[in-house]
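Please keep the sequence and the structure in view while reading.

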Amino acid sequence: MDNDVSAGSTTSTLGHLALGLTLLAFGIGHADVIDGVTAADSVSLALYVGGIALFVTGLLEFRGGNAFNGTAYAGLGAFWFTWATGADAQVSSEAAGLFLLLFALLALSLTLGSAGSGLLAQGTYGLLCLSLLLLGIATFAESGGLVKAGGWVAAVAGLAAWYGATAALAHWPTAVPGRAAGRRVTATG
């Protein structure tokens with residue numbers, strides 16, 4: 001039985017944990033899941049774990065020769081750092097929406113670039129892209145419903161990133177069970 005468990009590098013696992021925790025806090029705050037907890041409450045986590053830790057992890061991945069993870073973690077670290085440090089800034093809805101849409105493009109690039117990394121990694125980046133797209137549009141349209149939807153999608157992306165990192169540490173399966181390539185399933189009768 002092939003569990004398709006990829007231990008990955010320790011920096012890769014750390015990067016997925018940092019991304020997962022930050023996305024969970026960011027998503028839960030936007031989705032308004034817990035009374036009194038808002039996205040603003042995740043600013044410290046976004047700054048230190050999502051911003052600084054992810055950026056440093058990205059630099060370590062570049063140093064280790066992994067250009068994809070280096071790009072992903074350094075780029076997402078820049079996103080979280082910028083979002084957290086600008087959280088109290090007075091900017092227009094259009095500027096905030098544009099910021100989210102521009103980083104949705106980064107997430108789209110990561111989604112397309114992670115095609116060979118498995119469905120879990122590609123799903124994480126795809127959900128991140130969808131979340132940022134929804135939040136960007138919600139900011140332009142001033143739509144609370146879209147903000148909540150974007151928050152839920154971010155939280156699910158965070159869970160996927162967290163599970164991927166935890167699966168690497170615990171040697172849990174990450175592949176969806178299915179039939180082997182080229183093997184035919186026939187009915188017996």
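A salt bridge is a side-chain nitrogen of Lys or Arg within 4 Å of a carboxyl oxygen of Asp or Glu. Side chains of opposite charge can pair when their charged atoms come close. The model discussed here is predicted, and a search of the whole structure finds one salt bridge. Its partners are the side chains of Lys-148 and Asp-32, with a distance of 4.0 Å from N to O. The two residues stand 116 residues apart and link distant parts of the chain: Lys-148 lies in helix α6 (residues 144-170), and Asp-32 lies in the loop between α1 (10-31) and α2 (43-63).

## The overall fold

The secondary structure consists of six helices and zero strands. Along the sequence, the pattern is therefore written α-α-α-α-α-α. The chain has 189 residues, and 38% of them count as buried.

Among the contacts with a separation of 6 or more, 69% join residues 24 or more positions apart. The accessible surface of the chain comes to about 10,100 Å², and carbon and sulfur atoms account for 64% of this surface.

## The nonpolar core

Which residues have the most contacts inside the largest nonpolar core? They are Leu-19, Leu-76, Trp-80 and Leu-132, in a core of 29 residues. The helices α1, α2, α3, α4, α5 and α6 each give two or more residues to this core. Helix α3 gives the most, with seven residues.

Trp-80 illustrates how such a residue is surrounded. When residues up to four places away in sequence are not counted, Trp-80 touches Leu-19, Thr-22, Leu-23, Phe-26, Ala-46, Gly-50, Gly-51 and Leu-54.

## Aromatic pairs

How many aromatic pairs does a search of the whole structure find? The search finds nine. One of them joins Phe-79 and Phe-99, whose rings are stacked at 5.4 Å centre to centre, with 15° between the planes. This pair links distant parts of the chain, since Phe-79 belongs to helix α3 and Phe-99 to helix α4, 20 residues apart. Phe-79 has a relative accessible area of 1% and is therefore buried.

Ring pairs also link a cluster made of Phe-26, Phe-79, Trp-80, Trp-83, Phe-99 and Phe-103.

Asn-69 is placed in helix α3 (residues 67-85). Its relative accessible area is 9%, so Asn-69 counts as buried. Beyond residues up to four places away in sequence, Asn-69 touches Ser-12, Gly-58 and Glu-61.

Leu-98, Leu-102, Leu-105, Leu-108, Leu-112 and Phe-140 make a nonpolar surface patch of about 570 Å². Helix α4 (residues 93-113) supplies the largest share of the patch, five residues.

Phe-140 is placed in helix α5 (residues 119-141). Its relative accessibility is 36%, so Phe-140 counts as partly exposed.

Conventions: Residues are numbered from 1 along each chain as its sequence is written. This is a predicted model: local features need pLDDT of at least 70, side-chain atom pairs count only at pLDDT 80 or more; totals for chains, interfaces and linings use all residues. Side-chain values use heavy atoms; hydrogens and water are left out. Helices (H or I, at least four residues) and strands (E, at least two) are DSSP runs, numbered from the N terminus. Buried means under 20% relative accessible area, exposed over 50%, partly exposed in between (1.4 Å probe, protein chains only). Contact means heavy atoms within 4.5 Å. Accessible areas come from the Shrake-Rupley method with a 1.4 Å probe; for residues, only the protein chains shown count as cover. Patches are made of residues with over 30% relative accessible area and no salt bridge: like charges are joined within 9 Å, nonpolar side chains (Val, Leu, Ile, Met, Phe, Trp, Tyr) within 5 Å. A nonpolar core is a set of buried Ala, Val, Leu, Ile, Met, Phe, Trp, Tyr and Cys residues joined through side-chain atoms within 4.5 Å. Rings of Phe, Tyr and Trp (its six-membered ring) pair if their centres lie within 6.5 Å; planes under 30 degrees apart count as stacked, over 60 as edge-to-face and the rest as tilted.
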